[in-house]
Amino acid sequence: MEASQSEANPNPNPNTNNNANRNSIMSSMPLWPTIDGPLGLTEEESLRYSRRFYKFGYALLPWLWAVNCFYFWPVLRHPSSFPGIRRYVISSAIGFTVFTALLCSWALTFAIGGEDLFGPVWEKLVMYNLADRLGLTGWSSLI
């Protein structure tokens, strides 16, 4: 009798509801465009915010691009979700990556190269003697 029951039901899992796990963490489509889920913004507000973060990133605030990528992480993670928002989030990710690469290369150039790399121009490039050059300190006139 048991053999006939196992042949009739090849799936030993008694839970036959395949849609029970539809809204799990591993789902392929996010339900909300922001990381704070149902407490976050609507899709229209999200589009407006992602566009603002992207545009203000060009106004010498590229850290907003990183905020845009973090806040809209579900959109960045899932390629087919929220295409209007995704355009700004992907562009922000590219912009922040380029900005970070330029900032790191600039910092490493000055940190590693220093006076050996720039020679006599180094005195004009560094900022630690700016007050002396502009005469803002009282002791530069005493020497």
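Visitor: What sits over the ring of tyrosine 49?
Guide: The charged end of arginine 52, 6.0 Å from the ring's centre. "Over" needs NZ of Lys or CZ of Arg within 6 Å of the ring centre and within 35 degrees of the ring normal. This is a predicted model: local features need pLDDT of at least 70, side-chain atom pairs need pLDDT 80 or more, and totals for chains, interfaces and linings use all residues. Residues are numbered from 1 along each chain as its sequence is written, and side-chain values use heavy atoms, without hydrogens and water.

Visitor: How many aromatic pairs are there?
Guide: The structure has 12. Tyrosine 49 and phenylalanine 53 are edge-to-face, because their ring centres are 6.3 Å apart and their planes meet at 70 degrees. Rings of Phe, Tyr and Trp (its six-membered ring) pair with centres within 6.5 Å; planes under 30 degrees apart are stacked, over 60 edge-to-face, the rest tilted.

Visitor: Where are those two in the chain?
Guide: Both are in helix α2 (residues 43-57), four residues apart, so about one helical turn separates them. Helices are DSSP runs (H or I, at least four residues), and strands are too (E, at least two), numbered from the N terminus.

Visitor: Is phenylalanine 53 buried or exposed?
Guide: Buried, because its relative accessibility is 17%. Buried means under 20% relative accessible area, exposed over 50%, partly exposed in between (1.4 Å probe, protein chains only). Tyrosine 49 is partly exposed at 34%.

Visitor: New topic. How many helices and strands does the chain have?
Guide: Seven helices and zero strands.
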